[in-house]
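Please keep the sequence and the 3D view open while reading.

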Amino acid sequence: MTMVLKTITLVSSTLVYSILCLSFIGLPAQAQSNTFANCDLGNDLSGRDLSFGNFSNCNWRSINLRGANLSGAYLNSILLNPKLQSYQRRATEEVSSDLTNANLQGADLTLANLERAILTNANLVDARLFDADLTSATLENAKLDKVFAPVVILYEANLKGATLSLGDLTGASLASSDLSNTYLYRTKLSYADLQNANLSGANLTEANLTEANLTGANLTGANLTGANLCNATMPDGTVSQQGCP
C-alpha cells in the first residue's frame, strides 16, 4: 500500500498563494511541440509567428514583439522588462518591451516579468499569468477574458477599457491601477488589493470581490449589480456584507 501525505501550511499572509500554487501543475502540451534551441532570435520579432514555441526563461528585455503571434507559447519566467539602452557607452533611457497588438491567446506567462511592458490591444484570452509581474504595464483595450492570473502583480498598471470577463485574478495586486471602463463580468477578484484603484465606469456585474481591499478606490459609475462584496473593505473603509450568507 502506498501512502501519500499532503501537508498544506496555511499562514495568514500567504493563504491564497499557497492554495493556488497547488493548482498550477504542468506544461501545456501545445508548447512542447515547437521548442526553440535558444532564445537568440534578435531584438525585432515584430509580426513573427512564434505560436506554440517554448521560450521559457528567455531574456527578451526591451524586445519588439509588435503584432507577433505567440498564441499557445510557453513563456514561463521570461524577462520582458525594460533595460537601459546606451549611446556612446552612456546610459540613456530604459526601453520597454513592445507587445502592441500581439497575439498571446492561451500563452503561458507564469512568473514572467512584464514590468512596464506595452500590451496595448494585445490578445491574452485564456492566457496564464500566474504570479506574473506587470507592474506599471500598459494593457489599454487588451483582451484578457478567461485569463488565469491569481496573485498577478498589476500595481499601477493601465488597463483602461480592457476586458477581463470570467477571469481569475484571485489575490491580485491592483493597487493604484487604472481599471476605468473595464469589463469585469463574473471576474474573480477575491482577496485582491484594489487600494486607490480607478474603477470608474467599470462593469463588475456578478464579480467576486470577497475580502477584496477597495480602500480609496474610485467606483464612480461602476456597475456592481450582483457582485459579491462579502467582507470587502469599501472605499470609505467600511466592511461590506453584500453577498454574505
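## Basis of the model

The structure is a predicted model, in which local features need pLDDT of at least 70, side-chain atom pairs count only at pLDDT 80 or more, and totals for chains, interfaces and linings use all residues. Residues are numbered from 1 along each chain as its sequence is written, and side-chain values use heavy atoms, with hydrogens and water left out.

## Disulfides

A search of the whole structure gives two disulfides, a disulfide being a pair of cysteine sulfur atoms within 2.5 Å. Counting bonded cysteines along the chain, the pattern is 1-2, 3-4.

The angle about its S-S bond is -80°, and the link of Cys-39 and Cys-58 is left-handed. Cys-39 sits in the loop between β1 (34–35) and β2 (53–54), and Cys-58 in the loop between β2 and β3 (83–87), so the bond ties together parts that are 19 residues apart in sequence. Strands here are DSSP runs of E with at least two residues, numbered from the N terminus. Cys-39 is partly exposed at 27% relative accessible area, whereas Cys-58 is buried at 1%. For these terms, buried means under 20% relative accessible area, exposed over 50% and partly exposed in between, using a 1.4 Å probe and protein chains only.

Cys-230 and Cys-244 form another disulfide, with their sulfur atoms 2.0 Å apart. This link of Cys-230 and Cys-244 is right-handed, with 105° about the S-S bond. Both Cys-230 and Cys-244 lie in the segment after β4, 14 residues apart. Cys-230 is buried, with a relative accessible area of 9%, while Cys-244 is partly exposed at 22%.

## Aromatic pairs

Three aromatic pairs are found in the whole structure; two of them are described here. Phe-55 and Trp-60 form a tilted pair, with 4.9 Å centre to centre and 45° between the planes. Phe-55 is buried at 0% relative accessible area, and Trp-60 is buried at 3%.

Tyr-183 and Tyr-185 form a stacked pair, 6.2 Å centre to centre with 20° between the planes. Tyr-183 is partly exposed at 35% relative accessible area, and Tyr-185 is partly exposed at 26%. Rings of Phe, Tyr and Trp (its six-membered ring) count as a pair if their centres lie within 6.5 Å; planes under 30 degrees apart are stacked, over 60 edge-to-face, and the rest tilted.

## Cavities

How many cavities of 30 Å³ or more does a search of the whole structure find? There are two. A cavity is a set of points on a 1 Å grid over the protein atoms alone where a 1.4 Å probe fits but cannot get out, and its lining residues have an atom within 4 Å of a point. Grid points are joined across faces, edges and corners, and a volume is the space filled by probe spheres set on the points.

The largest cavity has a volume of about 50 Å³. Its lining includes Leu-129, Leu-134, Val-147, Ala-149, Val-152, Leu-164 and Leu-169. The lining of the largest cavity divides into 11 nonpolar residues, no polar and no charged. In this grouping Ala, Val, Leu, Ile, Met, Phe, Trp, Tyr, Cys and Pro are nonpolar, Asp, Glu, Lys and Arg are charged, and the others, Gly among them, are polar.

The second largest cavity has a volume of about 30 Å³. Leu-164 and Leu-169 are among the residues that line the second largest cavity, as are Leu-189, Leu-194 and Leu-199. Its lining divides into eight nonpolar residues, no polar and no charged.

Ser-165 lies in the segment after β4 (90–95) and is buried at 11% relative accessibility. Not counting residues up to four places away in sequence, Ser-165 touches Asp-145, Lys-146, Tyr-183, Tyr-185 and Thr-187. Contact means heavy atoms within 4.5 Å. Tyr-183 and Tyr-185 in that list are the partners of the stacked pair.

Leu-209 is also found in the segment after β4, and at 1% relative accessibility Leu-209 is buried. Leaving aside neighbours within four places in sequence, Leu-209 is in contact with residues including Leu-189, Ser-190, Leu-194, Leu-224, Asn-228 and Ala-232. Leu-189 and Leu-194 are also among the lining residues of the second largest cavity. The C-alpha atoms of Leu-209 and Tyr-191, 18 residues apart along the chain, are separated by 7.1 Å.

Technical notes: Helix = DSSP H or I, 4+ residues; strand = E, 2+ residues; numbered from the N terminus. 1 Å grid on protein atoms, 1.4 Å probe; cavity = no way out; pocket = protein on both sides within 12 Å on 5 of 7 lines; lining within 4 Å.
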